[in-house]
Amino acid sequence: MQNEAGEKVDMYIPRKCSWTTRVLEAKDHGSVQINVGNVDSITGLFTGESTAFCLSGYIRDKCEGDMALTALSQKNDAQGSAE
């Protein structure tokens, strides 16, 4: 919900799984949020910024968390180098 100034005023904004776009429920104790550091494409050094990826417990239970995180970080890297 937004006020007249366009600021978000909700008390709680639920997270979504970055891979499946499922809403992460409060009872999903298997879900994780992983911050992956951004690297400069020229120097190969850490830029001080990071990108957060949320993975649901369902993905981790199906043993697809590693594949999902790899694909998401590669997609993020391709988008970052295109800019």
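# A tour of the model, stop by stop

Select Ser31 and show its side chain: the side chain reaches the backbone oxygen of Asp28 at 3.0 Å. This is a polar contact, meaning a pair of N or O atoms within 3.5 Å; within protein, one must be able to donate a hydrogen and the other to accept it, and residues adjacent in sequence count only if both atoms are side-chain atoms. Before moving on, note that this is a predicted model: local features need pLDDT of at least 70, side-chain atom pairs count only at pLDDT 80 or more, and totals for chains, interfaces and linings use all residues. Residues are numbered from 1 along each chain as its sequence is written, and side-chain values use heavy atoms, with hydrogens and water left out.

**Around Ser31**

Ser31 lies in the segment before strand β1 (32-39). Helices (H or I, at least four residues) and strands (E, at least two) are DSSP runs, numbered from the N terminus. Ser31 counts as buried because its relative accessibility is 16%. Buried means under 20% relative accessible area, exposed over 50%, and partly exposed in between (1.4 Å probe, protein chains only). Now show the neighbours of Ser31. Leaving out residues up to four places away in sequence, Ser31 touches Arg15, Leu24, Leu55, Ser56 and Gly57. Contact here means heavy atoms within 4.5 Å.

**Into the core**

Next, select Cys17, Leu24, Phe53, Cys54, Leu55, Ile59, Ala68, Leu69 and Leu72. These nine residues form the largest nonpolar core. Such a core is a set of buried Ala, Val, Leu, Ile, Met, Phe, Trp, Tyr and Cys residues joined through side-chain atoms within 4.5 Å. Colour β2 (46-55) and α2 (65-82): these elements each give two or more residues to the core. In soluble globular proteins, nonpolar side chains tend to be buried together.

**Two cysteines**

With 2% relative accessibility, Cys17 counts as buried. Beyond residues up to four places away in sequence, it touches Arg22, Leu24, Cys54, Leu55, Ser56 and Ile59. Cys54 is buried too, at 9% relative accessibility. A disulfide is a pair of cysteine sulfur atoms within 2.5 Å. The whole structure has zero disulfides.

**A charge over a ring**

Select Arg22 and Tyr58. The charged end of Arg22 sits over the Tyr58 ring, 4.2 Å from its centre. The test is NZ of Lys or CZ of Arg within 6 Å of the ring centre and within 35 degrees of the ring normal.

**Two positive phi angles**

Go to Thr21, in the segment before β1. Its phi is near 60°, a positive value in a residue other than glycine. Thr21 counts as exposed, at 54% relative accessibility. Then jump to Cys63, in the loop between α1 (57-61) and α2. Phi of Cys63 is also near 60°. Is Cys63 buried or exposed? At 72% relative accessibility, Cys63 counts as exposed.

**Last stops**

Find Thr51 in strand β2. Its side chain makes a polar contact with the side chain of Asn38, at 3.1 Å. Setting aside residues up to four places away in sequence, Thr51 touches Ile34, Asn35, Val36, Asn38 and Asn76.

Finish at His29, in the segment before β1. His29 is exposed, with a relative accessible area of 72%. Draw a distance from His29 to Thr47: they are 18 residues apart in sequence and 31 Å apart in space, C-alpha to C-alpha.
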